[in-house]
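Trainee: I am new to this structure. Can we go through a few labels and what stands behind them?

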Amino acid sequence: PPASQNNEQGSTLRDLLTTTAGKLRLGSTDAGIAFAPVYSTGAASGKSGRTMPNILDDIIASVVENKIPPNRAPKINVKSEIKDEPKDDKKSIQDDCSKRYSDIQYSWICDKHVLWLRDHKNSNNWKLFKECWKQGRPVLVSGMHKKMNFSLWKAESISLDFGNQQADILNCKDSIISNTNVKEFWDGFEDVSKRQKVKNGETALLKLKDWPSGEDFKAMMPARYEDLLKSLPLPEYCSPEGKLNLASHLPGFFVRPDLGPRLCSAYGVAATKDHDIGTTNLHIEVSDVVNILVYVGIAKGNGVLSKSGVLKKLEEEDLDDLLRKRLKDSSELPGALWHIYAGKDADKIREFLQKIAKEQGLEVLPEHDPIRDQSWYVNKKLRQRLFEEYGVKTCTVIQFLGDAIILPAGALHQV
């Protein structure tokens, strides 16, 4: 920065560390880290097993505890630390967790890549979550709807309270966006006969585009906003007031991304003939994401798959044995199908999608990024090719009613 700015608080990263890190220390709590590693960008970093947040924690802890002057950079001997890291990082964390967290109900799913916390009420969940989060892994927490006022989230309730509002509605089949009265959307949410038709006579597959979001959500739906906040999983990390929520502790001069909350609502693909499209195309979020499935509508009308038909479609996916078991549980209601990829695979996926675009005769412009543009839903056939040709495996997760899916920034996903 220019010399005139040198004395301003936070004018350099070093200044920021020395002026704010001390405020973020957690005193005598057993969290034991400078702040939450929320900027993890995927799975453990290759051979070294070291991840960006761990190194950043080391730097900040050194600045705070050793009182390194602002004009001296701390020396970190990364090589000597790497020597002590276990080679099979995935296996070691699971073995260690089974011993240390015997009081927590949890399982590993998706080839042991996703942590499933099965008891949302356990106050110790955050300790195991921290171990998983350091490695940039997704986390599933089930049963969140049991803490919520279910009547607030029914489609008819939202339509009754806000049906006169205008919002952008996307037809996922042709990517056409229209601004219309949201009552039309909600009227067709569970009644296919009331849904819009497209030119060829097919039923539209509609999605409300993040309506409402952020401050609008809080102002428009205060009761629902409060119900959501009191029901967030792992409040130490996910609550706006969470002691391990880095965003809550950022100095005022930081420009923050839109952290929501936002309501994402879409018709089910099960009511359409085409199962190769999604309601959310493959993309990356710039911040960590908590997605809670607060309501699952059961569509009725011609052409809609029965519940057994929906389950059969889901069983055709490459599912973990535990997810297949959940599908057979009559008390569980599946609502969304997720495909998740580690951030480290982004370049391979980008190259693959550009290759497919050329095969299909589509123009591939250098300034266009298929992931940033959210222009692809990677169907089953393409997911298989992605694995065979690039070695990138898809992590498939079914989100049931009340499930919270927590994704680290940088993880790719489609729904």
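Trainee: Why is Cys-172 called buried?

Mentor: This is a predicted model, and Cys-172 has a relative accessibility of 12%. Buried means under 20%, so Cys-172 counts as buried.

Trainee: What makes Cys-264 buried, exposed or partly exposed?

Mentor: Its relative accessible area is 48%. The cut-offs are under 20% for buried and over 50% for exposed. Cys-264 falls in between, so Cys-264 is partly exposed.

Trainee: Which residues have the most contacts inside the largest nonpolar core?

Mentor: Tyr-106, Leu-117, Trp-153, Trp-186 and Trp-211, in a core of 52 residues. Helix H5, residues 125-133, gives the largest share, five residues. A second, separate core has 22 residues, including Ile-109, Trp-116, Ile-398 and Ile-405.

Trainee: What is Trp-186 in contact with, leaving aside neighbours within four places in sequence?

Mentor: Ala-155, Ile-158, Ser-159, Leu-208, Trp-211 and Ser-265.

Trainee: How do you know that both faces of strand E12 are covered?

Mentor: Look at each side of E12, residues 404-407. Ala-404 and Ile-406 are buried on one side, Ile-405 and Leu-407 on the other.

Trainee: Why is E12 said to pair with strand E3?

Mentor: Pairing takes at least two bridges. E3, residues 139-141, and E12 have three, in the antiparallel sense, so they pair. Val-139 has Ile-406 as its bridge partner. Strand E9, residues 289-292, also pairs with E12, antiparallel, over four bridges.

Notes
Residues numbered from 1 in each chain as written. Predicted model: local features only at pLDDT ≥ 70, side-chain atom pairs only at ≥ 80, totals over all residues. Heavy atoms only, no water. Core = buried A, V, L, I, M, F, W, Y, C linked by side-chain atoms within 4.5 Å. Buried < 20%, exposed > 50% of the residue type's maximum accessible area, 1.4 Å probe, protein only. Helix = DSSP H or I, 4+ residues; strand = E, 2+ residues; numbered from the N terminus. Contact = heavy atoms within 4.5 Å.
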